[in-house]
Amino acid sequence: MRRQLLSVAGFTRATAAVAATLALTARAAPVDTGPDTAEPGSIEEIARDTTEARFLSPWVSYLPASASVPSPRAFLHRIPGAPGELANTETAAAYLRALAGASPRVRFFTIGRSEEGRDIVMVAIADEAGIAELDRLRAATAALADPRRTDPAAAEKLIASARPVYYLNAGTHSDESGSTESMLELAYRLAVSEQPMIRRIRENTVVLINPVLNADGRDKFVDWFYRYLKGKTDLATLPRMSPPYWSKYAYVDINRDTHQVTHEATKALNRMFFDWHPTVVHDLHESIALLMTWNGTGPYNPNVDPLTFDEMLELSFHEVQTMTGFGMPGVWTWNFGESFSELYVDSVAMNHNAIGRGYETFGNGTAETITHVAGSGLPELSPESLTPEWYRPLPPPSETFTWSARDNLNYNETGVLSALDAVAVQSKALLRNFYLKGYHSWRKGVEQPPYAIVIPDGQGDRLRVAQMVQRLMRQHIEVQRATAPLALKEGSFPAGTYVVRLDQPYRNYAIDLLLPQDYPKDKGAPYDDVSWELPANYHLEVVKTADASVRTAALELLAQPPQPSGGVAGAGPVYLLRDTGQESLLEARYRLARFQVSIAELGFSAGGADYPAGSWIIKDQPGLAEAVRAVAQDLALDFARVTQAPAVASHDARPPRLGVWVPWADTDSIGWVRYSLDQRHIPYSYVRDEDIRAGHLRDRYDVLLYGHVDLELAEQIHGIPKSWGPMPFKKTAQSPSFGTPAESDDITGGIGWAGLQQIQDFVEGGGLMVTLGSGTVLALEGGIVRGVRRDSGGPPRSAAGTGGAAAESALDAETRTPGSHLRVSFARPQHPIAYGYPARTHVFRQNYPLYALPRQSLQMAYCTGCLDRPYDLSSIVLEWGDREGAPLLVSGQVWGPAGLVGRPAILDMPEGRGHVIAFNFNPFHRDLNRGDQRMVWNALLNWQSILRGTPAAGPAKPATEAGAGAQP
Ligand SMILES: [Zn+2]
């Protein structure tokens, strides 16, 4: 009875559809499929593979029969979501191709190609008229996306005959494997069912379905499933449930590529978005029981139109209501994430005036059926997620229950159908909102300052300026270039200056990307980064202008990203390159690898110009002139030729043999290191755990780079439990997708104690090890170098030199920097890592362990009368905080800043004949913080100088006294 009392404001037609199908809910009774005829056998198989009646909805309890269109059951010889089976990328695409070949309501598209060469595909589904008119419909949404060319009256006319496009994205995270299966079935159902609701969806919308966004990852996971997981149903004894790689670079981070668009999957999605201007982009994930429809609890991104959050809530509550009405437990919304950071796959919509949505369904992590025992501690079924709440009226089961892949599919597909119907019912309102959001964004740029954001060219690295401009253009943010000098209230800028005028439909996103973030400190914990400001990431300055005359200035719209180039000036046998912080110096060094290059350790003057420390001095050598010219041209570097080498202390800078260690237990963050190196054509050896164990590291590498890993110390050493081994990751007939980008006879066991010994030998024998982010845990807490304790942060003991952090910190129980830009100061401005940087700068930091100031040595806990040795501050190269008192925070948010200020951000610690350079941040965060990368490039460029310990450690600095006093 309760179900019939449902009142769904604004969804009257959908409610009617729910009511019409309520008669079908009793599974004991025969399923009434009218006006469809069920494909014979489909009702029974779906019922068989659904573990409980309450986990099924009438909408997905049968497959409609079709005389002319192949069903997925006919194609796969099983129902989608059958236990123990998964379709790979090729099979999924082949089915959708067959569907499109047989149905005039389906059209097939290839929208990209993965790094490993797999097609990324999509189908469009609508009624016959819609499919015939796809070009017109696409032109209509494109016109609605730009209010400058479509005034409100014209928009109303367009809306009358336009349709919202609803894009569904499956298979982003490869071990969340159910969505691909559910989208194959959904595509078929939408194409052939004659249910009134399905017809309404077909007639009022265009549905786009991408069955596998991460094509390489899908195939690796499917191979993994059949090799290691098939037939295993006991959660307690399941081995590692996912291959070490999905796509070539990122792992989970594949859905954190929205601002940067580096992966082929993201590029395909972006192309799709600007081809179709979908009203909704919906990404399908699996984690929490049983279906969480994303909303975010706030804080909300101030640069996303508020209408979007209303639309998200409305669609989500419609899903909760519909499925709760069916009696399906565990469908909820709201209490997940925050909606401040829009950096996920669906965020391409949020950032461009459309709606980004997502589900987390309960996936089991395998295609097998699993019994979840009550109280067994599964985080997805924690007690706090099992209570009835306003946002979760019918919670997931709190008792033991059994869950299957088909159950997961039933939830996924039912939820999506209810969302599609909600969109079909209010298609015109949603199109109008889409137009309005672009209109609001544009009008803000017309009516209120800032009217433009000016990006001065040059800034020490024209290439980096161009790269940031390119990143904006990739997001369809229009960038102009001054064709004459630009005089504004805020200052004068030469011709060639870049200008982002804000009277454009993506003004809000331009603001979000180009100005600092301010995450509210008193709101809930963020889900991910809280800063993505591009100028902070690129170490560039931009200028907001409140001068409206910028709109009538001589500006030219850029059609192509700028391609700056450099050159060689002057004459003489010595080439000089001024270090102005260029990010391309490491690439330049490898391109000039066969030549001898010296790097100045102090500033000097030559040919009437000043050169800072870090500048290059190259004496003429056979073939050099040509090579330098090419490097200057390609990497926008300006060389000067002079007659005489300057008399300045300098060191030889031979490019190192670089090894990049990637533990099998976590390849995600280091994938971004590999990406950055590949983009810059830096040669390196991929170092596996077994390569570390095999030893002789000094024979093979000069520098061992160990990036950030999300692993505890024990996991960094011992890796994937050996008890699961051996687990080969090699290409075989049964696992053709394995073995890339690296292969192994056994990915379990990590480097082990034996490998740790090899790393110790490498360092002590004269190697340079560079550790980033939590990779530094291995160096400092694994004992490769000694004298640095993990610190709890906590309140400061001294306020001196903390830039007001003391008072602020009193409010914060702990120090947290969940992806923020923070100020730092060089404690050793003469150190090679400082080359190209001012003495005070900033870097990006996520939550990494906090470390105390280094001491000469530490005493043991049971030694009650003896004391830790005095501080040895000589190893601190860079410290957290600004020595002249500017606040720690540049963009994002920081809690408990006093737990950081004065503590080491980069340590250079000698050990034996080698050194460890330990970063307390990650300069390779998702290819965003490019301005931080030069610090690593500096370590690589100057590795021999660092090993020699030259230049000598600078004098102890006054500011550390405050830090020293702050220690227990
Ligand atoms: Zn996911």
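1. Buried here means under 20% relative accessible area, exposed means over 50%, and partly exposed lies in between, all with a 1.4 Å probe and protein chains only. Helices (H or I, at least four residues) and strands (E, at least two) are DSSP runs, numbered from the N terminus. By these terms, 21 of the 21 residues of helix 14 are buried, so helix 14 is largely enclosed by the rest of the structure.

2. The basis of this note is a predicted model, in which local features need pLDDT of at least 70 and side-chain atom pairs count only at pLDDT 80 or more, while totals for chains, interfaces and linings use all residues. Residues are numbered from 1 along each chain as its sequence is written, and side-chain values use heavy atoms, with hydrogens and water left out.

3. The length of helix 14 (residues 405–425) can be checked. The expected span of a helix is 1.5 Å times one less than its number of residues. For the 21 residues of helix 14 that gives 30 Å, and its end C-alpha atoms are 30 Å apart, which agrees.

4. The zinc site comes next. Donors are N, O and S atoms within 2.8 Å of the metal (3.2 Å for Na, K and Ca); water is not among the atoms, so sites may look incomplete. The zinc ion takes its protein donors from H173 (ND1), E176 (OE), E176 (OE) and H285 (ND1), at 2.1 to 2.4 Å. Along the chain, these donors follow the spacing H-x2-E-x108-H. E176 sits in the loop between strand 3 (165–169) and helix 8 (178–192), and H285 in strand 5 (residues 280–286), so the pair ties together parts that are 109 residues apart in sequence. Both E176 and H285 are buried.

5. What is the arrangement of the four donor atoms around the zinc ion? It is irregular, because the donor atoms subtend angles of 57 to 149°. Four donors count as tetrahedral if all angles lie between 85 and 135 degrees; four count as square planar and six as octahedral if opposite donors are over 155 degrees apart and all others between 65 and 115; anything else is irregular.

6. A salt bridge is a side-chain nitrogen of Lys or Arg within 4 Å of a carboxyl oxygen of Asp or Glu. The structure holds 56 of them. In one, E311 meets K437, with the closest N and O atoms 2.7 Å apart. This pair links distant parts of the chain, E311 being in helix 12 (residues 306–325) and K437 in helix 15 (residues 427–447), 126 residues apart. E311 is buried at a relative accessible area of 4%, and K437 is buried at 1% relative accessibility.

7. D457 and R481 also form a salt bridge through their side chains (2.9 Å, N to O). D457 is in the loop between strand 11 (452–455) and helix 16 (462–474) and R481 is in strand 12 (residues 480–482), so the pair ties together parts 24 residues apart in sequence. D457 is partly exposed at 27% relative accessibility, and R481 is partly exposed at 24%.

8. The salt bridge between the side chains of R903 and D791 has an N to O distance of 3.2 Å. R903 lies in the loop between strand 35 (889–891) and strand 36 (904–911), and D791 in strand 30 (residues 790–791), so the pair ties together parts that are 112 residues apart in sequence. R903 counts as buried at 5% relative accessibility, as does D791 at 15%. Elsewhere, salt bridges that share partners join R105, E128, E194, R199, R202 and E203 into one network.

9. Strand pairing requires that DSSP finds at least two bridges between two strands. Strand 19 (residues 574–577) runs antiparallel to strand 24, with four bridges, and antiparallel to strand 23 (residues 616–619), also with four bridges. L577 stands opposite W616 in strand 23 and opposite F639 in strand 24. Both faces of strand 19 are covered, with V574 and L576 buried on one side and Y575 and L577 buried on the other. Strand 24 (residues 639–642) also pairs with strand 18 (residues 568–570), in the parallel sense, over three bridges.

10. Helix 25 (residues 752–764) has 13 residues and reaches 18 Å from its first C-alpha to its last, close to the 18 Å expected. Its buried residues are G752, G755, L756, I759, Q760, F762 and V763. Seen down the axis of helix 25, they fall within an arc of 160°, so they line one face of the helix; the arc is that of the directions from the helix axis to the C-beta atoms. G766, with a positive phi near 115°, follows helix 25.
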